[in-house]
Amino acid sequence: MLVIGCVAAILLAAGGLYQLIGTRAAARTYAAPGTMVDVDGQRLHVACAGSGQPNVLFESGIAASSLSWTHVLHDVAAFTRACAYDRAGLGWSDPARAPRTVDRMLRELRGVLTTAGDGPYVLVGHSFGAFFVCTYASRHSADVAGLVLLDPPSERQAITREQSRMLRGGIILSRIGGLLARIGVVRACLALLTGGAPGVPRNFVRIFGPTAARTLERLVGEVRKLPPDVYPLVQMHWCQPKCFRAMADYLGALEETAAAAAGVATLSDVPLVVMSSGDQPADVLAAHRELARLSSIGRHIVAAETGHWIQFDAPDLVVGTIRDMVATRSSDSRSA
């Protein structure tokens, strides 16, 4: 028993050292491409390009970073200023210094907007991020020139018992992932996965059940839609325990965030486009149409032949939608 304990301690120490060395090497190789800005005492990473008005800010999905906008940000920057940021704990941003409440996260979003340039802003939110920008627009309508919501979650209406159970499971798996990342297991699995030996990490994940295995397969498939030079950056972030802790925290905040979005009764005449992925069932499409009706000039678009990550599958459609909204706003400003 003593021998087993000693071997386990040695393996844990070796894994921790492997993680430390890998983290420091990655930090030297892949510096933050944007600017680190202080928001409420924590540094958040904001990447901007282009110039013009109105400014466009991208809000990512629940555990995604600014990298999820790689396909569209620079194309949008060709006709106006465009920015994406990493929420606390994700990407290059510092870990969160306070619990992930709706008020806190919206305050951080407003702090980021002040660094993106003068308002009002076109806010583009994907999935979980759509909740944020929708709620933000309802509370700070004067700051918002338009909203583009990409495949908002169906949980806006109500969290079912099954969804609540899955959320709890996701939080537990995220916390386990954080522990495994701390001792180098995640780094080793990702190295094998990207190095041509995918069977080992996939078999390892199956220990946590078929849902975790399917989730891994789906996420790997989505990441492969990004440019190959982005793969090492995604891998670097998901080797860090802080990203798993952040994912657990944001999953824990999902119910409150969904309730805040559900409480939005109207967006008045804020320009609004709700874009659904082509694989959504009829009930979700109906919920998205209803969401578009929050604005008197809201529109609903179905992006055919796309999955949940519309900005990966149809970047030209997303860029074109933003371009139209920016052009309309610019025209209105000139006529005024």
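The model is predicted: local features need pLDDT of at least 70, side-chain atom pairs count only at pLDDT 80 or more, and totals for chains, interfaces and linings use all residues. Residues are numbered from 1 along each chain as its sequence is written, and side-chain values use heavy atoms, with hydrogens and water left out. Helices (H or I, at least four residues) and strands (E, at least two) are DSSP runs, numbered from the N terminus.

Eight strands form an open sheet. Their order is β1-β2-β4-β3-β5-β6-β7-β8, and the pairing is mixed. Two strands count as paired if DSSP finds at least two bridges between them. In general, such strands pair through backbone hydrogen bonds, either parallel or antiparallel. The edge strands are β1 and β8 (298–303), and each pairs on one side only. On average, neighbouring strands of the sheet are turned by 25° against each other, direction ignored.

Strand β1 (residues 35–39) runs antiparallel to β2, and five bridges join the two. Val37 stands opposite Leu44 in β2. The hairpin of β1 and β2 has two residues between the strands. There, Asp40 takes a positive phi near 55°. Strand β2 (residues 42–49) is mostly covered, with six of its eight residues buried. Buried means under 20% relative accessible area, exposed means over 50%, and partly exposed lies in between (1.4 Å probe, protein chains only).

Four bridges join β2 to strand β4 (residues 82–85), and this pair is also antiparallel. Ala49 has Ala82 of β4 as its bridge partner. Strands β3 and β4, by contrast, pair in the parallel sense over three bridges. Val56 stands opposite Ala82 in β4.

Ser65 is found in the loop between β3 (55–59) and α2 (70–76). Its relative accessible area is 12%, so Ser65 is buried. Neighbours within four places in sequence aside, Ser65 is in contact (heavy atoms within 4.5 Å) with Ser60, Asp86 and Gly91.

Helix α3 lies across β1, β2, β3, β4 and β5, running at about 45° to β2. Helix α11 lies across β6, β7 (272–277) and β8, running at about 170° to β7. Axes are lines fitted to C-alpha atoms, for helices over the stretch in contact, and angles run from 0 to 180 degrees between N-to-C directions.

Helix α4 (residues 128–139) has 12 residues. From its first C-alpha to its last, α4 reaches 18 Å, close to the expected 16 Å. The expected span is 1.5 Å times one less than the number of residues. Helix α4 is mostly covered, with 10 of its 12 residues buried. Among them are Phe128, Phe131, Phe132 and Cys134. The buried residues of α4 pack against β3, α3 (102–116), β5 (121–126), β6 (144–150), α10 (241–262) and α11 (282–292).

The axes of α3 and α4 come within 11 Å and cross at roughly 80°. The two helices are therefore roughly perpendicular (65 to 115 degrees; under 35 is roughly parallel, over 145 roughly antiparallel, and the rest oblique). On the α4 side, the contact is made by Phe132, Thr135, Tyr136 and Arg139. The α3 side includes Val102, Leu106 and Arg110. By class, the contact has seven nonpolar, one polar and three charged residues. Ala, Val, Leu, Ile, Met, Phe, Trp, Tyr, Cys and Pro count as nonpolar, Asp, Glu, Lys and Arg as charged, and the others, Gly among them, as polar.
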